[in-house]
Amino acid sequence: MSIAAPTAKPAREIREITAWDRLKVNKNWLGAWFMLPAAAFLILFLAYPLGLGVWLSFTDARLGRDGVFVGVENYIYLWEDSVFWLSVFNTILYTGVASIIKFAIGLYLALLLNENLPFKAIIRAIVLIPFIVPTVLSAIAFWWLFDPQFSIISWSLKQMGLITQNIDFLGDVWNARWSVIFANIWRGVPFVAITLLAGLQTVSPSLYEAATIDGASTWQRFRFITYPLLTPIIAVVMTFSVLFTFTDFQLIWVMTRGGPVNATHLMATLSYQRAIMSGYLGEGAAISTAMIPFLLAAIMVSWFGLQRRKWQQGGDND
Amino acid sequence: MASVAIRDVRKAFGTTAVIHGVDISILDGEFVVLVGPSGCGKSTLLRMIAGLENITGGEIAIGDRVVNNVPPKERDIAMVFQNYALYPHMTVSDNMAFSMKLRGAPKEEIDSRVNRAAGILGLENLLERYPRQLSGGQRQRVAMGRAIVRDPQVFLFDEPLSNLDAKLRVQMRTEIKELHQRLKTTTVYVTHDQIEAMTMADKIVVMHDGIVEQIGAPLDLYDKPANVFVAGFIGSPAMNFLKGKVQVNGTGTFIGPQGVKLPLADVPASANGVDAIYGIRPEHFTLADDGAEAEIIVIEPTGSETQVFANLGGEEVVAVFRERHQFKPGEKIRLKPDPKLVHLFDASTGKRLNS
């Protein structure tokens, strides 16, 4: 058998490759197009309002009147405004206390729900309820719970003979603060609990078995296995929790409107009151803008917390 | 090091009994392999020895101590898991040192033990790596290192090689066996792979549906399987089985399917007329003019040997030849079983009939 000589194909016309040809097969170019809709949304609904807010904080704009650039005048005014500083204090107290307690209760619930409990599915569903109920609705419910006259809490305590007079939950400065913090915790725990539970379920049971054989007690298994493996999720959850709590508005506005005597005013509610209720857009915008450094700081903490974990990087995923 | 005694051990999950009374005695320093198909209860039994599962009935003793109610950490055992169960957030050396750190051992002792284990397993250069940065075989070694560091009475292995590729599995098999020869620690090893069991064990325990089918040295199980299950489970390719009747006249003959006559040797006279199963390993066929006629279906050469699938009396049988034959599918050959190597089982009970 002889080897057939390769038949010569007719030479194809070779066109010069233009920049457009190259662009058509360029993955980055294609990727940019795919990102365009998302980018448009983000610019329109996030970047533009944020930029506008920051711009307004440097103007003396009021409702119905375009402002003119006044530099940092609004900030100088706020610097000397004791109500503003009170709201900063309230916000930090509110965020700090509520976040820590939400984390503690959420982690506890997650650990509990990760065990083999009877009626586990139902309990998990119940835990989610506070998260599902619209915030305004639960705020109204709390408002009633904390009502000076009709509070069921006061009524119950009176029936039990523990107190003789109704507790003024929302009328007293510190009572009001603890009351709104309590409501926020009630609302925020499910998010923390369910997310941490999802994290717990990614931990392989054989790690606990290995640790058991290695001689770890229940506490040591939590301390050396569960906790370190859960830190990435804790960091994400707590960042979100802090951001949500710091910018909280609905609960406070429905329950106290910032009162009594500004004792529960958060930066968000104060900003709304100044900008929308009183019409001082520039000043309100400045209060909102003043929240940004705090929020950035919270993000940075979790970002650097996540960066540290070398064991998560490299290698395959099993 | 210690012996392990398993006495009439039972296990039930709720109302479902999975182990129905198992007795195994494991000598000090012995390498025992629990083998069986999945669902036979071998892993559950191992986990009961480890203390990860409660014992429903019977008792397990490590050394002289009954451990039924002893928590895992006080049983002085170490376990290697199928998925290695390495702590992902700890370096190799921290993984190995974890148990000793929990015990509060002095740092020098921890270091020397970890270094010794790393030396034995060739992990010296990997001590600062995280599990994610290791290959499958290296992770397997770290898991073993974690066991060695503890210097336990008993090593427990739960299918440690099933996540490795075929070549590495063979290599690690040898490594584990070599390790056992060096450390001489009592070892209980669970696998579903009969080749692993045959190559590694001092003693094999064949389990099936929660009972022990047979216990014995690898070659004893190969030469004298106690029943049809063990006969079919041990050996590759698996033993051929043909159903028929025993006829004792002189040395005895087996009347197989379609009246095929197959030779027997040393059959007790009482077996005359019994419905039986005739078992013959593929490697115990020879070509002979007085053999039974069979038609070749498929020929599979593996290089070192050739597997021939043939139709014998309507049943498919496989024969293995080390020498090379120029067979063709459809060709008729005459297969003669070596009567001395024939296994005869009772058709109803599955128990072995010949000695």
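**View 1. The side chain of Gln214(B) and its surroundings.** A polar atom of the Gln214(B) side chain lies 3.1 Å from the backbone oxygen of Lys224(B). Gln214(B) sits in strand S10 (residues 211-216) of chain B; helices (H or I, at least four residues) and strands (E, at least two) are DSSP runs, numbered from the N terminus. With a relative accessible area of 13%, Gln214(B) is buried (buried means under 20%, exposed over 50%, partly exposed in between; 1.4 Å probe, protein chains only). Beyond four places in sequence, its contacts (heavy atoms within 4.5 Å) include Ile204(B), Leu221(B) and Val230(B).

The model is predicted: local features need pLDDT of at least 70, side-chain atom pairs count only at pLDDT 80 or more, and totals for chains, interfaces and linings use all residues. Residues are numbered from 1 along each chain as its sequence is written, chains are lettered from A and ligands numbered from 1 in the order in which they are written, and side-chain values use heavy atoms, with hydrogens and water left out.

**View 2. Backbone angles in chain B.** Most residues other than glycine have a negative phi, and most peptide bonds are trans. Asp8(B), in strand S1 (residues 4-13), has a positive phi near 50°. Asp8(B) is partly exposed, at 34% relative accessible area. Gln258(B) also has a positive phi, about 55°, and is exposed at 69%. Gln258(B) is in the loop between strand S12 (253-255) and strand S13 (261-263).

View 3. Ser236(B) and Pro237(B) are joined by a cis peptide bond, with omega about -5°. Pro237(B) belongs to the loop between helix H8 (228-233) and strand S11 (240-247) of chain B.

**View 4. The interface of chain B and chain A.** Here 24 residues of chain B are in contact with 24 residues of chain A. In chain B, His89(B), Leu102(B) and Arg132(B) lose the most area to chain A, together 32% of what that side buries (buried area is the accessible area, 1.4 Å probe, that two parts lose on being put together, summed over both). Asp214(A) and Arg150(B) form a salt bridge at 3.7 Å, N to O (a side-chain nitrogen of Lys or Arg within 4 Å of a carboxyl oxygen of Asp or Glu).

Terms used:
Polar contact = N/O pair within 3.5 Å; in protein donor to acceptor, adjacent residues only side chain to side chain.
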